[in-house]
Amino acid sequence: MDEAHVSAHEPVAGRYRLLDVLARETNRLWWYAEDLTTGRPRLMARTELPDAGADTARRVAARVVRTSEIMRLLCPGRVATVVDAVVEAGALWTVTDRIEGTPLGELLDREGPLHPVRAARLGLEILDVLQSAHDEGITHGELSPGQVFVRDSGPVLVAGFGLAGATPAPRLTAPSYASPEQARDERVGPAADLWALGALLYTMVEGRPPFRDRGRPDATLRAVDRLPLRTPLRTGPLTRAVQGLLRKDSRDRLNRTVLRDALTRALDADCEADRRPAPAPRPRGACAAVRHTAPAPGRLLLVAGTALAVVTVVAGVLAATHRLPGASTAAAPSRTTATAAPPPGRTGDGAPGGATSPAPTRSPALPAGYRPYTAPEGFSVALPDGWRRLTTARAADHAYRVTFGAGRSPAGGASPTLAVTYSERVGPDPVAVWRDQVEPELARLPGYRRVGAVRALTYRTHRAADLEWLAGSGPARTHTLGRGFLLGGGRGFSLRYTAPATAWGDSAGTVALRTFLRTFREPGH
């Protein structure tokens, strides 16, 4: 990225204001941005265009938009829809709606290598998109960890279609994931994408690409073409798939049918393992659900038409039989401590000097204005500057609820809050907990109205469900989204983020929602 451009914060094309860097890889930089014309949140990717003249640049931009539209129709909700593409200072800027998901590269940096079964599931989701493209004669050609977004709800989303072959360069970005035929600057087709998928699977489980980046694209491409594959050590049930995809000769690589069978067998093996006795077995039928059905994209996807680019998610309840104070009129005996105004020199969590407890150093990168926080109860989450622990409620069975916020509100209005609830008596179905046990109590609130259906999803491998609702009236009307998820053994957490209904959807909320859900970690993680 041009440093002068960044320091000046000049809008790209006079329209898009850059806010924060999301992810980066060789020759590509992802930015959070805002469309100054419409006020909508955007995601922008800056891709270098080496030696591209004005005519070539215009063709590249048009091709990216056209190919993106084709893929949107082929795979609705599975590809990043490009709403604009502009060329400025020798770089292509592709503009998409904001994506509530984590680039695979960032996820691996944060969590380390993935379990082979999780990698297999992600691989099947990517394969679905590639198969739709290949059946229409479209080759991605630029697949890499920066082009795959892992979402809390729904299958992965793939970006970057339309770049391959748009310039004389064999590969514009992430040369470590180029196929050998790309490295030799030969004509590429679907086999190049299957190689890249093999490289992604390798990276997911090994924690590093099969061919490292050597600093210069030409040197990296030579290594891809000439060096032998580093033997994978952690691929387990994925070994055949990975080695079969990463064959130098494209004619020897696994085809899609064989690959799909291999990935599915990896999931089947996991199901077999789940039948063995275990301290906290997976709920019955979960493997089949993961293997054969992809959860529908939830309302947390910040894409076109979504109302959840929010500063408002409200504290979700997963207390099944013993609700915490405020969740039921028949709460179990409890002790409630209000800490909205802690004594001088101490905060509500007991940290000295008005500072919150530091979170582990491995916390993911945070947007400006957020800081890591670790609670005495053991969970951690990133909070906006100025937020503190407001109240703590505890029940006799180890359940608790902690509420965070700034403690300030406009006259007659509400102030955003985040509530974290823990229970050890949670039912086995998070959807049923919301629908049958929590919502009947919420329905007693003045002005209560549910928004949409209770939505089942997977949250960082946990079974989870979202409930969204409105309550109150006038300036005090609030909009809440609660996410509850199961840990096994009757234990569960919920997160509720609540804010004024009038603020639901503003740009600050986009950052707040994504940051809370991305950074929350239960004790021990």
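The questions and answers below concern a predicted model.

Visitor: How many helices and strands are there in the protein chain?
Guide: The model before us is predicted. The protein chain contains 12 helices and 19 strands.

Visitor: What percentage of the residues in the protein chain is buried?
Guide: A residue counts as buried when its relative accessible area is under 20%. The protein chain has 525 residues, and the buried share of them is 54%.

Visitor: Among contacts between residues at least 6 apart in sequence, what percentage joins residues at least 24 apart?
Guide: Contact here means that heavy atoms lie within 4.5 Å. Among the contacts between residues at least 6 apart in sequence, the share joining residues at least 24 apart is 62%.

Visitor: How many residues of strand β2 are buried?
Guide: Strand β2 spans residues 28-35. On one side R28, W30, Y32 and E34 are buried, and on the other L29, W31, A33 and D35 are buried. Both faces are therefore covered, as buried means under 20% relative accessible area. The number of buried residues in β2 is eight of eight.

Visitor: Which residue of β2 stands opposite A23?
Guide: Strands of a sheet pair through backbone hydrogen bonds, either parallel or antiparallel. β1 and β2 run antiparallel and are joined by eight bridges. They form a hairpin with two residues between them, and N27 in that turn has a positive phi of about 70°. Opposite A23 stands W30.

Visitor: Which residue in β3 is the bridge partner of L29?
Guide: β2 also runs antiparallel to strand β3, residues 41-48, with seven bridges joining them. This hairpin has five residues between its strands, and G39 in the turn has a positive phi of about 80°. In β3, the partner of L29 is R46.

Visitor: Which residue in β7 stands opposite T102?
Guide: β6 and β7 pair in the antiparallel sense, over two bridges. The residue of β7 opposite T102 is V150.

Visitor: Which residue with a positive phi follows α3?
Guide: Helix α3 covers residues 104-111, and its buried residues are L104, E106, L107, L108 and R110. The elements covering these buried residues include β1, β6, α4, β7, α6 and α12. After α3 comes a residue whose phi is positive, near 80°, namely G112.

Visitor: Which element supplies the largest share of the lining of the second largest pocket?
Guide: The second largest pocket has a volume of about 960 Å³. Its lining has 46 residues, of which L22, A23, R24, P103 and E106 lie nearest the centre. At least two lining residues come from each of β1, β2, α3 and α12. The largest share, eight residues, is that of β1.

Visitor: How many residues of the lining of the second largest pocket are nonpolar?
Guide: The lining residues of this pocket include 10 polar and 15 charged ones. The nonpolar residues number 21.

Visitor: Is E142 buried or exposed?
Guide: E142 lies in the loop between α4 and β7. Beyond its neighbours up to four places away in sequence, E142 touches R28, Q147, L163, A164, R171, L172 and T173. The relative accessible area of E142 is 2%, under the 20% limit, so E142 is buried.

Visitor: How far apart in space are E69 and F161, C-alpha to C-alpha?
Guide: E69 belongs to helix α2, residues 54-74. With a relative accessible area of 33%, E69 is partly exposed, because this value falls between 20% and 50%. E69 and F161 are 92 residues apart in sequence, and their C-alpha distance in space is 9.7 Å.

Visitor: Which helices do the buried residues of α7 pack against?
Guide: Helix α7 spans residues 217-226, and its buried residues are A219, T220, L221, A223 and V224. These buried residues pack against α5 and α6.

Terms used. Residues numbered from 1 in each chain as written. Predicted model: local features only at pLDDT ≥ 70, side-chain atom pairs only at ≥ 80, totals over all residues. Heavy atoms only, no water. Helix = DSSP H or I, 4+ residues; strand = E, 2+ residues; numbered from the N terminus. Buried < 20%, exposed > 50% of the residue type's maximum accessible area, 1.4 Å probe, protein only. Pairing = 2+ DSSP bridges. 1 Å grid on protein atoms, 1.4 Å probe; cavity = no way out; pocket = protein on both sides within 12 Å on 5 of 7 lines; lining within 4 Å. Points joined across faces, edges and corners; volume = space filled by probe spheres on them. Nonpolar A, V, L, I, M, F, W, Y, C, P; charged D, E, K, R; others polar.
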